[in-house]
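These are my notebook entries on one structure.

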Amino acid sequence: MTNVLVCVKRVPEQAAQVTLTDDGTVDTSHAGFTLSSHDEAAVTLAVDVATATGGEVTVLSLGSEDAEEQLRSALAVGCSRGVLLEADPDRFGPADVAAAVAAQLRSDEADGRQHELVLVGNDAADTGDFQVGVRLGYALGRPVLTGISSLRVDGDQLVAHGTGPDGNEVFELALPAVVAVREGGVEPRYPSIPGRMKAKRAPVDVHAPEVEPRGTGRVRLKELPEQPTEAQVLGEGAAAVPALADVLERIGVVSR
């Protein structure tokens, strides 16, 4: 039996027009929200592993109360339990998110709920951080794989497939482990009507993150104002030659 924790993030729909606010964050006032394709693949693999091994899937998200919508979407395709770490996601950098997820996982373990496999999307669709999976593996002291497109569990061993510089790669490692999933290896699951009805009744535990965020540390680059230029008319025809010679001498092109 393999119990899986899969982490997802509420992100703006990619089909929507992306604009930035004055502080450099994504303006979501006119955008819909969804799960990224990486997260959808991670949810699908999590449900496949749990179904094949007789385990269960817990889906977790750090974000505002609105992120419950995305948790319900994952519950509708086979996840058993939802966990919302309710907080302002803009205050949490990737190191903060990894620390918060690790703390929640340890809390679950203290309550007797084990997660032998943790899946995350390979990168965040809105910020492109590529960091949470590696940081989470380090925080938990577990081996971590990134860029994985498909996987299966055989006993206490994980067999994962990805693509590297030299082509297809196959990894085998012992559980527990952390894996960052990339889209393309599996067809995402889509909810049925019974699944949607079940998701409405499924439990979603709401907690405050157990870490104080330090933020992303990002510095926004600003375009400098255009500098004014000046032009000096030296004269016309042969009468301009002495003035031109003076300028060339002043800037070091010629000497007398």
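**Entry 1: helices α3 and α4**

I looked up how two helices meet: the axes of α3 and α4 come within 8 Å and cross at roughly 45°. I therefore record α3 as oblique to α4. Axes here are lines fitted to C-alpha atoms, for helices over the stretch in contact, with angles from 0 to 180 degrees between N-to-C directions. Angles under 35 degrees count as roughly parallel, over 145 as roughly antiparallel, 65 to 115 as roughly perpendicular and the rest as oblique. α3 passes α4 in a right-handed crossing, a term used if the near helix is turned clockwise from the far one by less than a right angle.

The model is predicted, so I note that local features need pLDDT of at least 70, side-chain atom pairs count only at pLDDT 80 or more, and totals for chains, interfaces and linings use all residues. Residues are numbered from 1 along each chain as its sequence is written, and side-chain values use heavy atoms, with hydrogens and water left out.

At the crossing, residues of α3 including Val97, Val101 and Leu105 take part; on the α4 side I found Val132, Arg135, Leu136, Ala139 and Leu140. Contact means heavy atoms within 4.5 Å. Helices (H or I, at least four residues) and strands (E, at least two) are DSSP runs, numbered from the N terminus.

**Entry 2: α3 on its own**

I checked the length of α3 (residues 94-110): its 17 residues should span 24 Å at 1.5 Å a residue, and its end C-alpha atoms are 24 Å apart, which agrees. The expected span is 1.5 Å times one less than the number of residues. Among the buried residues of α3 are Pro94, Asp96, Gln104 and Asp108; buried means under 20% relative accessible area, exposed over 50%, and partly exposed in between (1.4 Å probe, protein chains only). The buried residues of α3 pack against β1, β6 (57-63), β7 (81-86), β8 (117-121), α4 (132-140) and β13 (204-207). Just after α3, glycine 112 has a positive phi of about 90°.

**Entry 3: α1**

I made the same check on α1 (residues 37-53): 17 residues should span 24 Å, and the end C-alpha atoms are 25 Å apart, which agrees. Its buried residues include His38, Asp39, Leu45 and Val49. Their cover includes β1, β6, α2 (68-75), β8, β9 and β12 (177-181).

**Entry 4: cysteines**

How many disulfides does a search of the whole structure find? It finds zero, a disulfide being a pair of cysteine sulfur atoms within 2.5 Å. The sulfur of cysteine 7 has its closest cysteine sulfur in cysteine 79, at 11 Å, too far for a bond. Cysteine 7 is buried at 10% relative accessible area, and cysteine 79 is buried at 4%.

**Entry 5: single residues**

Is threonine 2 buried or exposed? Threonine 2 is buried, at 3% relative accessibility, and its place is in the segment before β1 (4-8). Beyond four places in sequence, threonine 2 touches residues including Val49, Ala50, Glu116 and Leu175.

Serine 149, in strand β9 (residues 144-154), is buried at 17%. Setting aside neighbours within four places in sequence, I found serine 149 in contact with Leu45, His161, Gly162, Arg182, Gly185 and Val186.

Lysine 9 lies in the loop between β1 and β2 (11-12) and is partly exposed at 26%. The C-alpha atoms of lysine 9 and leucine 60 are 8.5 Å apart, although 51 residues separate them along the chain.
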